[in-house]
Amino acid sequence: MTSIKKVLCGAAVASLVAGTGSVVGTQVGVSTVTAEWLLAAENVLLLGTDGTRLDKILEYAYNDDSGFKLLMDRGITAVTSLAGHQTLSTPSWSTILTGVWDDKHGIVSNIFRPEPYTTWPSVFNLIEYHQPEIETTVISGRGLFTEMASLGGYPADNIIGISGGSTSAEMDELVTAETISRILATTTNPDLSNFIFAYQSQVDHAGHSFAGQSDEYMQAVINVGANLKQILEAVAQAEAATGDRWTIILTTDHGHHDTPTLPGFSLGHGLQTPNETTSFIMLSLAGNDDQAGAQNLAYQHVDIVPTILQIFGIPMRSDFDGAPMQLDPELVNSVVFPDDLKQALLAAINSVEYPDIGTHLSLVLRALAGGAGYFLQDWAFPPINNFLQSIIDQDIFLISSLAQGAQWVFNAVGGVVVNVANELGRVVAQWTGAGAIAPNDPPLPQPGSADFTGGVEALLADNTVLAPDLADAELPLLDVDALAG
């Protein structure tokens, strides 16, 4: 496949190898960095598994039947930490998909608001603005991702909301089947680059109902590992059919408590214990086989979006909190090859600590205040409303009419209470530093506006961002004509 991405990425990696090759080469296993492995990715697959603890993966699913183990063997695994940041799903996934922490995007609860993603556009918007020729696909049974992918005037090409299945495990199976279908469909048009995001939910559901130490959580981890294995097998089939290579990134948004809060219910996450803040990133960079089975000591969630954009040759925002994992010298030089990867990862997990006491207390306050409205809206009020509705449905003389009146009052008052709780949560969030840092870059202009500069034309005009000065490089520039052939 020929694309502007290849020309620009080739220039960038040539500069890296020429300018910092001596530094990179001192790290065992990294001395073989060449232009080839940064030119190999035609497609990027980002996989999300909610609320999944790496220590439980290593305990329950570190075997050849699991996609977790296959991906660790294929790429680089990093233990990461959310200490000092929210351990709720929407804030964490927003960080993963925008490349900035919550002190910038300001999202502190699971109640969806579209405004932050205008100020801090998601990876879907950034790809569609800069390179609309890339086919972008979102596959999820959770509305957060389908909503996020539809915002900003530059929606993903394929927004697939999965419905059906009586359990979260069955929904994940549907997501898996659709993901495999979309991966194999790329073989019919190998000249088209693809970005696919697919989301698995069942581990988080098991954590909330039974906690991280439960048999149900164990089974959910095993199930997701089996789903991932099917997806990786589909990627291998697509690679064999087209000769294209895929970059695969797998991550989670937070961990879970070990023990339930009440029978059949666990607080799950939201605070700052190491079991909640410990996360992970697994990166299999297309063509980078020399780092298979390695560990990275420095990756963070905010590095994921810059990594994806660099692969596609898309300019970086000036205010990202992260950097491309395949180019940033600090991140590249943080790759190590432990004698026993499992034991090294467990040691890294055990080293995760609480944040300082001031940060800890402010984030606990933020989580309690920010989560109050969501808890009332999605957990506390629905059972009461359902109970009243059950009485109404029975059509009991007088009693059903009274229940209907009570339901009306409850919904009216409840809506006000939720709104007040949400506003209070936002005030506390701002007071504790969420959303305190304004962006350096302006919002993406609307399509067709006078300020629009997206698409391939923008990349050609702005190649100084993507193609560093190679005047002193020892490596020759890539032959664009040869690539075009």
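Colleague: What percentage of the 485 residues of the protein count as buried?

Modeller: In this predicted model, 53% of the 485 residues count as buried. The protein has 21 helices and nine strands, and among its contacts between residues at least 6 apart in sequence, 76% join residues at least 24 apart.

Colleague: How should I read the packing of two helices, taking H8 and H14 as the case?

Modeller: Two packed helices are described by the angle between their axes and by the distance between those axes. Here helix H8, residues 123-130, packs with helix H14, residues 304-311, at an angle of about 20°, and their axes are 11 Å apart. Because angles under 35 degrees count as roughly parallel, H8 is roughly parallel to H14, and the crossing of the two helices is right-handed.

Colleague: Which residues of H8 and H14 make the contact?

Modeller: Val 123, Leu 126 and Ile 127 contribute from H8, while Val 305, Ile 308 and Leu 309 contribute from H14; the residues of this contact divide into six nonpolar, no polar and no charged.

Colleague: With which side chain does the side chain of Asp 50 make a polar contact?

Modeller: The partner is the side chain of Tyr 199, at 2.7 Å. Leaving aside residues up to four places away in sequence, Asp 50 also touches several others, including Ser 89, Trp 93, Arg 142, Asp 204, Asp 253 and His 254.

Key
Residues are numbered from 1 along each chain as its sequence is written. This is a predicted model: local features need pLDDT of at least 70, side-chain atom pairs count only at pLDDT 80 or more; totals for chains, interfaces and linings use all residues. Side-chain values use heavy atoms; hydrogens and water are left out. Axes are lines fitted to C-alpha atoms, for helices over the stretch in contact, and angles run from 0 to 180 degrees between N-to-C directions. Helices (H or I, at least four residues) and strands (E, at least two) are DSSP runs, numbered from the N terminus. Angles under 35 degrees count as roughly parallel, over 145 as roughly antiparallel, 65 to 115 as roughly perpendicular and the rest as oblique. A crossing is left-handed if the near helix is turned anticlockwise from the far one by less than a right angle, and right-handed if clockwise. Contact means heavy atoms within 4.5 Å. Ala, Val, Leu, Ile, Met, Phe, Trp, Tyr, Cys and Pro count as nonpolar, Asp, Glu, Lys and Arg as charged, and the others, Gly among them, as polar. A polar contact is a pair of N or O atoms within 3.5 Å; within protein, one must be able to donate a hydrogen and the other to accept it, and residues adjacent in sequence count only if both atoms are side-chain atoms. Buried means under 20% relative accessible area, exposed over 50%, partly exposed in between (1.4 Å probe, protein chains only).
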